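Please look over the sequence and the structure before reading on.

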Amino acid sequence: MVSRPYYLLIRMSSGTEQREPDHVRTLGHEEYDPIGTAILIGIYFLILVLLWIFMYFVEFLGNGPTVVGMALTVVGLA
Amino acid sequence: MRNAYLDQFPDEARVIKAAFWSSFIALAIGGVLGLVQALHRTDVFRFIQSPDYYTVLTAHGVLLVIVFTIFFLVGTFTWAVTTSLDRGVVDTRFTWAWYIMMVIGAALAGITIFSGFLESAPSILGSELNADVLFTFYAPLEAHPFFYIGLVVFVVGSWLAGVDWFRTWLAWRRENPDERIPLPTFMVLTTTLFWYICTLGVSLSILVFLLPWSLGITESVNPLLTRTMFWYFGHAVVYFWLMPAYLMWYTMLPKFSGGKLFSDPLARVVFVLFLLLSTPLGIHHQYLDPGIAEGYKFIAMTNTMFLLLPSLLTAFTVVASMEHGARQRGGEGYLGWLKALPWRDPIFTGMALAGLMFAAAGFSGMINAGMNINYLVHNTWWVVGHFHLTVGTAVALTFMAASYWFIPQLTGKELWNRSVALGQVVLWFIGMTFMTNAMHRSGLFGLPRRTAEPQYQGFDFEPAVGTVGEINMQVALGAVILTLSLALFLLNMVMTSIGSNSESIPDNTYADTLSGAEDSPRILDNLKLWTAIAVVLVIIAYTLPLASIIDAGGLFGPDIEGFRLSTWVDPAVIESLSEVIR
């Protein structure tokens, strides 16, 4: 099935107003570089790291440590 | 000439529409009960007795995370299979059969739960009709047999839906032997496979333990065993809810953004990873259960962390597809392209906001999954905040946004009001922001979940920031906004359905790809191989823990040998049988 761009087909609620095609260029696989995505994902990772640090303070300084032990103990090897 | 789904597949459109309306009814009832709970718990407005809170909680949970999500899923998957294979189902009578079966199962479980509100519930099969067992219906909480029977009928209905999708695909494959599985169908098939694997555990739990126990055939159960079998299913089911949302994000959101899916092969890898990893990690819900050795919990944690991979792959692929659309629409700069996205389109905005909330849920999920830090938030309102971001927003908001596309496709009628729809998805986002941030924060100072009155005499919770009163107000306000949003959604659906036919419905299509199936290795389509590996992983993760639980506590509880046959058989026969055995 051939898919047609959605924006060419969508209509506003009035049923009469056709949304203008907003396409100004066509980007193929080779010329598209998702740099913006890389930046957003980078920001997300940064937030995750900061929140992890925050949780460290919440857990270890707020309620005392609850570490389960050495990795070897945990998997029953020692 | 109009080429909506209704025009292509009129018979299938009727079943899918029925499935969607079933899900909307469950959403309406379950959503209102959410408001009742929020107001009761926070002591803003109490008009039910606190014991009834648990009936409300059970109905809210079961109606929303089982009935709403799965009815919407079966509708979406039937649409995805028929649209992407460009052929109808093999026999719509079979399709109607599984749909009706699911309706009967949901109604039976629902009636049993709601009987809990009656002053004196009727006694059927020797016990009172109620099921105040919450969505997590494991022992020691016991429901009326009808609740378990209803769930089994519902799940078997969903299994038959899976059979329907598989036989439609097999029929297509006979006609197209050398073609790759189209991506939407691939997503449906892999999801269905892990649904079969995970529901096997909960079905056995119900049929072998909970139902006989509830009927009085067996005297007791091993609670840890039924808990473990529930969570064997209980985590995979969250991916079952999530996969239709993923399907929409991968196959529709790029199109609504004005672009193409960045990579078909990456999408296939993600769904294969979900098939492999959804089930062998349920024990991460049981970090605090005594009776399961820490080593098994550690393995479950490792598997859970591996499962972050497909979610992060999805974050990249879906955002990259949106960026592609934005740049084709003239977006420029490192982040300036975000402004070029179609934020006035309720379908796009709803799905994008749902994805944003899912990113936040990713963090709280990592905290839940971490074995030691889970101890901090276990059984607190943090967890409730987490799943209101996942199933309550990533899934529910995506489904509502998708409905703005689906219902015109299925009815041939134009969406009643796009502005109301846009306001609705934004309201949901705002309401959930209030509610879930407060829930998460309250979990950090230990405010418990599953509690009708978390107000204790002689004890005050001490939040690091803000007050308990402020947190309660945020939850109550959030719940009111969410209910308003829900009402607007339902209004739009009803008004659209009773509107007049329109010729200007968009064609029924899904997103094109930048890198298509031809770029992905053929082995990704080898469903037998991935299923076999998934089964092996489940065996590795669960054999020893289950053996150890049964060894320690018996199949039916410590020192209980099993069936209380005297209920059904003459005691003299038992005595003589026992003589023979001795």
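Are B:Asp345 and B:Arg418 buried or exposed? Both B:Asp345 and B:Arg418 are buried, where buried means under 20% relative accessible area, exposed means over 50%, and partly exposed is in between (1.4 Å probe, protein chains only).

## Basis of the report

This is a predicted model, in which local features need pLDDT of at least 70 and side-chain atom pairs count only at pLDDT 80 or more, while totals for chains, interfaces and linings use all residues. Residues are numbered from 1 along each chain as its sequence is written, chains are lettered from A and ligands numbered from 1 in the order in which they are written, and side-chain values use heavy atoms, with hydrogens and water left out.

## Salt bridges

Side chains of opposite charge can pair when their charged atoms come close. Over all chains, the structure holds 13 salt bridges; the term stands for a side-chain nitrogen of Lys or Arg within 4 Å of a carboxyl oxygen of Asp or Glu. One of them is formed by B:Asp345 with B:Arg418, whose closest N and O atoms are 3.1 Å apart. This pair links distant parts of the chain, 73 residues apart: B:Asp345 is in the loop between helix H12 (308–328) and helix H13 (346–369) of chain B, and B:Arg418 is in helix H16 of chain B. Helices (H or I, at least four residues) and strands (E, at least two) are DSSP runs, numbered from the N terminus. Salt bridges with shared partners also join B:Arg180, B:Asp264, B:Arg268 and B:Asp525 into one network.

Another salt bridge is between the side chains of B:Arg2 and B:Asp7, at 2.9 Å from N to O. B:Arg2 is buried because its relative accessible area is 12%, whereas B:Asp7, at 32%, is partly exposed. The side chains of B:Asp11 and B:Arg14 also meet in a salt bridge, at 2.7 Å from N to O. B:Asp11 and B:Arg14 are three residues apart in helix H2 (residues 10–41) of chain B, so about one helical turn separates them. B:Asp11 has a relative accessible area of 36% and is partly exposed; B:Arg14 is also partly exposed, at 45%.

## Helix packing

Two packed helices are described by the angle between their axes and the distance between the axes. Here axes are lines fitted to C-alpha atoms, for helices over the stretch in contact, and angles run from 0 to 180 degrees between N-to-C directions. Helix H15 (residues 381–411) and helix H16 (residues 418–444), both of chain B, pack at about 170 degrees with their axes 7 Å apart. H15(B) is therefore roughly antiparallel to H16(B). Angles under 35 degrees count as roughly parallel, over 145 as roughly antiparallel, 65 to 115 as roughly perpendicular and the rest as oblique. The contact of H15(B) with H16(B) has 15 nonpolar, ten polar and no charged residues. In these classes, Ala, Val, Leu, Ile, Met, Phe, Trp, Tyr, Cys and Pro count as nonpolar, Asp, Glu, Lys and Arg as charged, and the others, Gly among them, as polar.

Helix H7 (residues 223–234) and helix H8 (residues 236–251) of chain B pack at about 25 degrees, their axes being 4 Å apart. That angle makes H7(B) roughly parallel to H8(B). B:Tyr232, B:Phe233 and B:Gly234 in H7(B) meet B:Ala236, B:Val237 and B:Val238 in H8(B), contact meaning heavy atoms within 4.5 Å. By class, this contact has five nonpolar, one polar and no charged residues.

## The loop between S2 and H5

B:His144 lies in the loop between strand S2 (127–128) and helix H5 (145–175) of chain B. B:His144 is buried, at 1% relative accessibility, and its side chain reaches the backbone oxygen of B:Ile124 at 2.8 Å. Among the residues that B:His144 touches, not counting those up to four places away in sequence, are B:Thr112, B:Glu128 and B:Ser214.

Most residues other than glycine have a negative phi, and most peptide bonds are trans. B:Pro140 is in the loop between S2 and H5 of chain B, and a cis peptide bond with omega of about 15 degrees joins B:Ala139 to B:Pro140. B:Leu134 is placed in the loop between S2 and H5 as well. B:Leu134 is not a glycine, yet has a positive phi of about 65 degrees; at 10% relative accessibility, B:Leu134 is buried.

Terms used. A polar contact is a pair of N or O atoms within 3.5 Å; within protein, one must be able to donate a hydrogen and the other to accept it, and residues adjacent in sequence count only if both atoms are side-chain atoms.
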